[in-house]
Amino acid sequence: MWMVSRMENLDLRASSSCAKFIGTIVSIAGALTMTLYDGPPIVFTSSTSTNLNGNGLSPQASWDVGGFLSAIAAFLLAILYVFQTSIITTYPAEPMVTLICCSFVVLQSSIVSLIAERNPSAWRLRPDLELIAIVYAAVFVVSLRNVTSIWVIRQKGPFFVAMFEPVGIVIAVVMGVTFLGDTLYLGSVVGAVIIAVGFYTVMWGKAKEEKILQDIQPHGMESSSHNAPLLQNITPKALNFGRKPRLTVI
């Protein structure tokens, strides 16, 4: 998406572009490994598993629907980053952009929720762990995360932000094993290592690309100053030299 919108340049003759391209492919491969391959369990916990197939779908149907929806979500997220980059370049106000985006999300989610959930008792908020989870998601997951993402987009570009999405899978696995008692599988460890290699490869290519741009800018300014050397030694006295005196008639 960023190459189509010309926000990122891909020149395979440059080592920085090759590193970004290869690192992106490696990160995607690591994310697919963590998602599709389990392997033998490494850390096993005896926590009670929650039945996630209470909607009547078979496990295979749930995987198919979930994979399809995840692919659509990733595509729409890339489009969102492209639009946010265009908006934040013209209007550099991260809190206001976040407020507008979240307002549209609330409107759309309310319409979908009212259609999907017809039971009025499900909308009642009780002072328990559910309310804490809602407040935490509103403050940190939505507001603070969006403000930070838009600020990084303005500073580094959308490609830099998108590369942290596979890292989020690794963080989710670590948090699940640590706090929820999930079982750690070999596929998760292998996928995490692959994602880490791809992530640092992309970061190396991005840093080298920025260093090249920083080295080019001083040379460009120096060459532009050599093109007009006569303008550097002009003083106000020289500008007034040769000017005819004006006669004032009283």
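Author: A helix here is a DSSP run of H or I with at least four residues, numbered from the N terminus. The model is predicted.

Reader: What makes the span of H6 close to the expected one?

Author: H6 covers residues 165–179, which is 15 residues. The expected span takes 1.5 Å times one less than the number of residues. That gives 21 Å for H6, and the helix reaches 21 Å from first C-alpha to last.

Reader: How many aromatic pairs does the structure hold?

Author: Three. One of them joins phenylalanine 164 and phenylalanine 199.

Reader: Why is the pair of phenylalanine 164 and phenylalanine 199 called edge-to-face?

Author: Two values decide. The centres must lie within 6.5 Å, and the planes must be over 60 degrees apart. This pair has 5.0 Å between centres and 70° between planes. Both tests are passed, so the pair is edge-to-face.

Reader: What does the pair tie together?

Author: Phenylalanine 164 sits in the loop between helix H5 (158–162) and H6, and phenylalanine 199 in helix H7 (residues 186–227), so the pair links parts 35 residues apart in sequence.

Reader: Is phenylalanine 199 buried or exposed, and what value says so?

Author: Buried means under 20% relative accessible area. Phenylalanine 199 has 10%, so it counts as buried.

Reader: Why is phenylalanine 164 called partly exposed?

Author: The class runs between the 20% limit for buried and the 50% limit for exposed. Phenylalanine 164 has 40%, so it is partly exposed.

Reader: What about tyrosine 200: buried or exposed?

Author: Exposed means over 50%. Tyrosine 200 has 59%, so it counts as exposed.

Reader: What makes the rings of phenylalanine 199 and tyrosine 200 an edge-to-face pair?

Author: Their centres are 5.5 Å apart and their planes meet at 75°, so the pair is edge-to-face. Phe164, Phe199 and Tyr200 form one aromatic cluster.

Next, the core.

Reader: Which residues have the most contacts inside the largest nonpolar core?

Author: They are Tyr81, Ile88, Ile153, Val161, Met163, Val202 and Met203. The core has 14 residues. H2, H4, H5 and H7 each give two or more residues to this core. H5 gives the most, with four.

Reader: What makes a set of residues a nonpolar core?

Author: The residues must be buried, of the listed nonpolar kinds, and joined through side-chain atoms within 4.5 Å. In soluble globular proteins, nonpolar side chains tend to be buried together.

Reader: What is the volume of the second largest pocket, and which residues are closest to its centre?

Author: The volume is about 690 Å³. Of the 22 lining residues, Leu77, Leu80, Gln84, Val105 and Asn146 are the closest to the centre.

Reader: Which helices supply the lining, and which has the largest share?

Author: Helix H2 (59–90), helix H3 (94–116) and helix H4 (129–156) each supply at least two residues. H2 has the largest share, nine residues. By class, the lining has 15 nonpolar, five polar and two charged residues.

Last, some pairs of positions.

Reader: Why is serine 188 called buried?

Author: The limit is under 20%. Serine 188 has 13%, so it counts as buried. Tyrosine 37 has 40%, so it counts as partly exposed.

Key:
Residues are numbered from 1 along each chain as its sequence is written. This is a predicted model: local features need pLDDT of at least 70, side-chain atom pairs count only at pLDDT 80 or more; totals for chains, interfaces and linings use all residues. Side-chain values use heavy atoms; hydrogens and water are left out. On a 1 Å grid over the protein atoms alone, a cavity is a set of points where a 1.4 Å probe fits but cannot get out, and a pocket is an open set with protein on both sides within 12 Å along at least five of seven lines; lining residues have an atom within 4 Å of a point. Grid points are joined across faces, edges and corners, and a volume is the space filled by probe spheres set on the points. Ala, Val, Leu, Ile, Met, Phe, Trp, Tyr, Cys and Pro count as nonpolar, Asp, Glu, Lys and Arg as charged, and the others, Gly among them, as polar. Rings of Phe, Tyr and Trp (its six-membered ring) pair if their centres lie within 6.5 Å; planes under 30 degrees apart count as stacked, over 60 as edge-to-face and the rest as tilted. Buried means under 20% relative accessible area, exposed over 50%, partly exposed in between (1.4 Å probe, protein chains only).
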